[in-house]
Amino acid sequence: MSDSTYTPPKVWTWEQESGGQFASINRPIAGATHDKDLPVGAHPFQLYSLATPNGVKVTVMLEELLAAGVKEAEYDAWLIKIGDGDQFGSGFVEINPNSKIPALLDRSGAEPVRVFESASILMHLAEKFGHFLPKEGSARTEVLNWLFWQMGSAPYLGGGFGHFYAYAPEKFEYPINRFTMEVKRQLDVLNRELATKTYIAGEDYTIADMAIWPWYGQLVLGRQYNAAEFLDVESYEYVMRWAKAIDARPAVQRGRMVNRVFGELSSQLHERHAAEDFDTKTQDKLEAAE
């Protein structure tokens, strides 16, 4: 092991940026840095997000609801550029004081309701419309088991493995080994479960799958951290089967496009305000029109 030794001070102070891809937006204090109102569209649900794995959870859920015939789930999706610090604007902080995407404003009732944290948004929408979450009993509990498994596990994948393997300014053996071991353990957990059932909570597709797939499904499909070979993802046979099946769903394909600012221009729909936007307002068409 060649990592240099670091002796922590008695009291940590914020004296410099931490380095790495997201150094400019990391800070040890909360609250708004500037005044900025959020835009509001015509639909009942206003989503402020970016197509990170956590953001994709919610756009997939909304597109799945619409595909299931829930017209009341129409939404406007507004782009939050976290690299520019949009999440620290006063309007965003009012909806999510934690300054993380996604954040949802539900304007379908008499008073607007703010909903933040991706699992909370998934549960809010599932319970509101009666889809993708059993109403009671052991089936409901199993879905929630896996929903909250994802919320507790993904920080090891994203903030741990992803940070040190892909984003940190220097590569160090200890943290990469530490978090690789944990990510592979998590993939093994999923693989053992999916060996005997179609979806993670049973035979029905649920919000648990919508929460887990953007992280672990896209990881094994080679879309996260350029780490598929490093993690030997092909060895997780049942996770691969599950990931490909969900990837083939039209609503998932649409959900991945919303608030996306990377990849092929035809896959980027920076804002979504109507179903036809997928056909007319992707970045390839907008740039061609210019």
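Is F161 buried or exposed? Select F161 and check: F161 has a relative accessible area of 1%, so F161 is buried. Here buried means under 20% relative accessible area and exposed over 50%, with partly exposed in between (1.4 Å probe, protein chains only).

Before moving on, some housekeeping. This is a predicted model, where local features need pLDDT of at least 70 and side-chain atom pairs count only at pLDDT 80 or more, while totals for chains, interfaces and linings use all residues. Residues are numbered from 1 along each chain as its sequence is written, and side-chain values use heavy atoms, leaving out hydrogens and water.

**The rings**

Show the aromatic side chains next. A search of the whole structure turns up 12 aromatic pairs. Rings of Phe, Tyr and Trp (its six-membered ring) pair if their centres lie within 6.5 Å; planes under 30 degrees apart count as stacked, over 60 as edge-to-face and the rest as tilted.

Helices (H or I, at least four residues) and strands (E, at least two) are DSSP runs, numbered from the N terminus. F230 counts as partly exposed, at 39% relative accessibility.

Next, pick Y167 and Y225. Their ring centres are 5.8 Å apart and their planes at 80°, so call this pair edge-to-face. Y167 is partly exposed at 24%, whereas Y225 is buried at 12%.

**Charges over rings**

Jump to R249, which lies over the face of Y205, 3.8 Å from the ring centre. Then try R272: its charged end sits over the ring of Y75, 4.2 Å from the centre. The criterion is NZ of Lys or CZ of Arg within 6 Å of the ring centre and within 35 degrees of the ring normal.

**Last stop: L47**

Select L47, in strand β1 (residues 45-49). L47 is buried, at 0% relative accessibility. Among the residues L47 touches (heavy atoms within 4.5 Å) are V58, L62, W78, P102 and N259.

Notes. Lists of a residue's contacts leave out its neighbours within four places in sequence.
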